[in-house]
Amino acid sequence: MTETRTQQSAFHVAEPEGTYPPTEEMLDTPVDPGLKKAREDRLRAAWKQPTGLRYWSAVNNSEVGAWYSLTAFAFMLAAGVLALLMRVQLAVPENDFLSAERFNQFFTMHGSAMMFLFAVPMFEAISILLLPAFLGARDMPFPRLSAYGFWSFLVGGIFVLSSVLFGIAPNSGWFMYPPLATEAEGPGSDIWLLGLSFIEVASIAAAVELIVGVVKCRPPGMRINLMPLYAWYVLVVGAMILFAFPPLIAGDFLFEMQRSFDWPFFDPERGGDPMLWQHLFWIFGHPEVYIVFLPSIAIAAMVIPTAARRPIVGYSWIVLSAVGTGFLSFGLWVHHMFTTGLPSLSLGFFSAASEAVVIPTGVQLFAFVATLMVGRVKMIAPMLWIAGAVAVFTAGGLTGVMLAIAPFNWQVHDTYFIVAHLHYTLFGGMIFPIVAGVYYFYPFITKKKMSEKLCRLSFWLTFTGFNICFLPMHLTGLIGMPRRVFTYSGDMGWNWLNLISTVGAFILASGILVFAWDLIRPKSRQPLTERNPWNGGTLEWAHDIPDPGWGVRAVPYVTSRYPLWDQPKFIERLDEGRFYLADAEEGLRETLVTSAVDAEPQHVARVTGPAWCTILAAAFTGGAFIFPTFHMYPPAIVCGVLAIASIIYWLWTSTAQVPKTPVKDVGLNLRLPTYVSGAKAPGWWGVFITMLGDATAFASLVFGIFFYWTARPDFPPQGTAHANLALVALAAVLFSASWAATRIARGINRQGKVTAARVLLGLAPLLAIAGAAALIFALRLPGLAPTEHVYPAMMWAMVVWVCAHVGAGVIMQGYCLAGSIFGKLTPRYDADLWNTTLFWHFLIITCLVTCALVGIVPRAMS
Amino acid sequence: MTRIEDKPDDPPPYRHRSIWHMIAAPVVWSLHFAGVYAWTALSCARFGGPDEARLGIALATAAALALIVVIGWRAWKQWDFLDDYDDVHDAPTTEHRREFLGHAGWLLSIISAIGVLFVAAPAFYIGSCL
C-alpha cells in the first residue's frame, strides 16, 4: 500500500516525498536510546538560550512572550495607579487633591494605557507565549518579528506613559476628539498620536504572526475541525485587528498632518469635519472591545473542558459565535456616536446590529455553561475566576443591551452609567479570564505553581472590590453625574456613592496586588510542578519539565481535539521522539509548516534565532515616531533610514536563505522541502496578511473622500483647481509598467532567464519613481495647496500615501535585484520575488484607485 | 507524497475544504450593512430623501436574504446532518472536516440572516432622514 513517489514540477521545485499519514507501526517503532540521547542533545544545542547580557537578544516565543506579558502587566498596574488617584480625587466633593489639568491627563492616560498598552498587547503577549504549545509547534513562524513587536511596544509604551510624569501627557480623553485634541496646547496630542501609532504597527505585526501561526504551523493531522478553540479565536481576532487598526492608523495620519502641517481635515472653517475622526476612531474602537474580549474568553474555552473533565459542548457553535461576533462587531461603531445628530435611520442600523451581536456572544456563554452542566466539574482554582468572569460580563452585557437602544443611550450618554458598563464588560470579559488563564497556565509557563490560597484571596478581594466600586456607578450615572469631571459640588446627591466607589477601588487594587505578589514572588525553593497538574487534554500539557527550550520534543501527529485524553500512546511516542522533526542534525531551529485546512505537512521552516538587529530596528523605528512629537524632523528621518537599514539587514541575513539541500528527512518516512516560495511559504502569507491590513487603511482614506462629499456641500469647492489629468494618466501608466515588469521578472526568472529578469528588476524601480514624480507634479502644477481647504489636503494625503508605498515597493524591487546578483535569489529559490510581486499586486490597486480618485472622481463630484 | 486514505474517483468540490465558503454569509451581512449605511447617507445627503433610502434598503435586504438562503442551503447540504444525525465532527477525517465547515457555515447563515433583518428593521419604522 505504501509506495514512494517523487513529484517534481517543471522547474525542479521540491515537493513532499514519502508517506503520510504515518501508520501505527511506524509510530510504534522504538528509537535506540543512544540515538535518542544524541538527538536530544542536538535539539537542546540548537534551541539553547543565550546567557548573560546576550539573554536579551533572545527571540523565541517563551522568552519574548514572557517579557511581553510582564511589560503589559506593569503598564496595567501603572494605569491602575492613575485610576486610584482619580478615585481619591472623587472620594469627596470639592476636593483639591488633583488639579483639573492633571485629572484630565490621568483619565486620558488611564484609558489609553489600559486599551493600547495593556488589553490588546496582553492578547498578543499571551498568544505568543502559548499558541505554539497549543499547536505542537517549536516556535512562532517569525520569532524575530515577535521580538521586534515587543521592543517597539516597550519603547513606545514607556514613551507614552512617562509623559504623565512630566505633566505633558495627552489630556483630551482616550478617543482624542477634535477640535479639543487638535487645538490642545503642548505635545500631549502628538505623544498620543505618534506613540500609539507606533504601537498599533506592532499590534499589526503580532496579528500577522499569529494568523500565520494558526493557519500554517499546526501539527500534521490537526485539521481545521480539530483546532483548539483558542486557535479559532486567535484567527478571528487576528483578522479583526487587520480590519480594525488600519482605520485608526489612517485617522492618526490625517490627525498628525493637521497637528504638524495645518492640513485642515477636521477644521470646519476650511471644509473639514471633526466627525470623520469619530467615525475612523470608532470603526477601530468598537471592534477593539471584541478584540480584547474574544481572546480572553478563549482562555475560558481552554479551562472549562479541563474543569468539566470532558470535551467542550458545541464546538461548531463556539466557532460560529467567535466568527459571528467578529463580523457583527464591525457594525456597532456608531453606537458610540448616538448623540452626534446622525439621521435616526442610520442610528437604527447600529442600534439593531448592537442588539444582534448579543446572540453570538450569548451562544458561547451558553456553550460554556452546557459543558459545565454535562461534565463532572472539579472546581480547580482558576475556575473561580472564570465563574466571576461569566457573572460580571453578563451584567455588563445586559447594560450593553440597554445602551444599544438609542433613546436610553441619549439619557445616560457621558455619565457614570457608561463608566460602569464598560468596566463590567472589560473586567468580566478580560481581566477575570486573563487572571484565570495566568493561574491555569502558570505551571506550563514557569514549571512552578502559584498559590491556591492566594488565588482565592485575590479573587474574593478583586470580585468584591470590583462590585463595590462599579455597581454604585450605575446609579451615580442615572442620577446625573457626568464622566470626566475632576470634581463636583456637595449638594448633587453623589457624595456617598462616590465614596463607596473609592473604597471599592482600593479593595479591588488590594486583590490585584495579592495576585501580582503571587505572580512574581520568588519560587526557587518551591518544587517543580507535575507535568499535567489539571489533567488537561490539549497539547501544551505534554510539555517537558524542566524546560529544555526546544518548545516540543517532536512535532506530533494529531488525530483528536484532546490528544492527551484520546490518543493512547501519545506521551510515550512524544517523549521517545517518534514524531516529526525529532532531531536537529544541522543545528538549525526548525518547525513544520502544514497546509491551511487539513494540516498536511508541506515544508520544514527554518526559524530565526537570537539577534540584536530586531532591537536596533525597534529603537530606530521608535526614534522615527518619537522625534516628530517634538517637531524634530531631521533626526526622525535619520532614524527612519537606519530602521529600514536594520530591517533589510535582518531580512537579508536570516530570511529565505538558500538551503544546502532541497529536501530534508523529517522522520516517519517523510521528506519535506526546506525552501518553498509562493502561497506555501509562511513569508508569502505574512505579506498577504500585512497587505490586507494596509489595504484597509487605504480604504479608510477613500472612505474619507466620500465622507466629505456626503457630509459637506463644499467638497470639492466651487471653481477649485483639479489635478492635472495628463500627468495623472502618465503616473497610472508608469505604475502599471513597473508592476508588469515585476510580475514578468518573476515568471522569466523561474524559466532561468536570469539576465532578462535582472534588467526588468532594474527598470521597474525607475518606472515607479517616475510615476510617483508624475503624481506629485499633477498636484503641484495646478497649485493645489493642502493648507487652504480639505479638498486639496485630501488629494495630497492620497498622494503622500501612494508615494510612501511606492518607496517601499522600490526598496523591495531593489532587494530582489541585489538578491539575484549576489546569489540569494535564483530561478529555484525565488520566495523574495514572489513576495515582492504580491506586494506590488496590492500596490498597483492602490496606485490606480488613487489616480482615479485624484484625476477623475472630483471632476465628476463637482 | 503518498496519502494513506481512500481516494474517491471524483475529487470533492473545493467548498468542502474552504473557509471562504464558511464565512460567505457573514460577508453578505457586511456588504448589506455597508451598502445600507452608505445608501442612506447618500440619499439623505445628496439625492432624494427617505423614500429612496427605504426603497434601496428594501431591495438590498431582499437581495441579501436571497443570497444568504442559497448559501445556507448549500452549507446545510454540506453539513449533511440528516444522514447520520452527527453534530460533533471531532474525527480526523475528510468527512468530519467537510461536515464541520458545513455546520459552521449553516449556523453563520442563520446569524447573518437575523443580522440582516435586524439592520433592515429601522427602515420599516422610520420614514424620515432626521
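Let me start with B:Pro122, which sits in helix α5 of chain B, residues 94–125. Keep in mind that this is a predicted model. B:Pro122 has a relative accessibility of 10%, and because the cut-off for buried is under 20%, B:Pro122 counts as buried.

What is B:Pro122 in contact with, leaving aside its neighbours within four places in sequence? The list is A:Leu345, A:Gly348, A:Phe349 and A:Ala352. One more position for orientation: B:Asp10 is 112 residues away from B:Pro122 along the chain, and their C-alpha atoms are separated by 48 Å.

That brings me to the interface of chain A and chain B. Chain A puts 57 residues into the contact, and chain B puts in 47. Between them the two chains bury about 4,600 Å², with 71% of that area coming from carbon and sulfur atoms. On the chain A side, A:Phe327, A:Leu345 and A:Phe349 supply 16% of the buried area, more than any other three residues.

How many salt bridges does the rule find across chain A and chain B? It finds 1. A:Asp598 pairs with B:Arg97 in a salt bridge, and their closest N and O atoms are 2.6 Å apart.

The largest share, 10 residues, is from α11(A). Sorted by class, the side of chain A that touches chain B has 32 nonpolar, 16 polar and 9 charged residues.

Next, inside chain A. The domain assignment gives domain 1 as 530–673 and domain 2 as 681–861. The C-alpha centres of these two domains of chain A lie 33 Å apart. Contact between them involves 12 residues of domain 1 and 12 residues of domain 2. Together the two domains bury about 980 Å², and carbon and sulfur atoms account for 79% of it. In domain 1, the residues that lose the most area to domain 2 are A:Trp652, A:Ala656 and A:Val658, together 52% of what that side buries.

For salt bridges between domain 1 and domain 2 of chain A, the count is 0. For polar contacts, the count is 3 residue pairs, again with both residues at pLDDT 80 or more. Helix α21 of chain A, residues 633–654, gives the most to the domain 1 side, with 4 residues. By class, that domain 1 side has 9 nonpolar residues, 3 polar and no charged ones.

Where is A:Thr608 found? A:Thr608 is in the loop between β3 (601–606) and α20 (613–626) of chain A. Is A:Thr608 buried or exposed? A:Thr608 counts as buried, because its relative accessibility is 11% and the limit is under 20%. Leaving aside its neighbours within four places in sequence, A:Thr608 is in contact with A:Val59, A:Pro143, A:Arg144, A:Arg589 and A:Ser654.

Key:
Residues are numbered from 1 along each chain as its sequence is written. Chains are lettered from A and ligands numbered from 1 in the order in which they are written. This is a predicted model: local features need pLDDT of at least 70, side-chain atom pairs count only at pLDDT 80 or more; totals for chains, interfaces and linings use all residues. Side-chain values use heavy atoms; hydrogens and water are left out. Domain bounds come from an automatic or database domain assignment. Contact means heavy atoms within 4.5 Å. Buried area is the accessible area (1.4 Å probe) that two parts lose on being put together, summed over both. A salt bridge is a side-chain nitrogen of Lys or Arg within 4 Å of a carboxyl oxygen of Asp or Glu. A polar contact is a pair of N or O atoms within 3.5 Å; within protein, one must be able to donate a hydrogen and the other to accept it, and residues adjacent in sequence count only if both atoms are side-chain atoms. Helices (H or I, at least four residues) and strands (E, at least two) are DSSP runs, numbered from the N terminus. Ala, Val, Leu, Ile, Met, Phe, Trp, Tyr, Cys and Pro count as nonpolar, Asp, Glu, Lys and Arg as charged, and the others, Gly among them, as polar. Buried means under 20% relative accessible area, exposed over 50%, partly exposed in between (1.4 Å probe, protein chains only).
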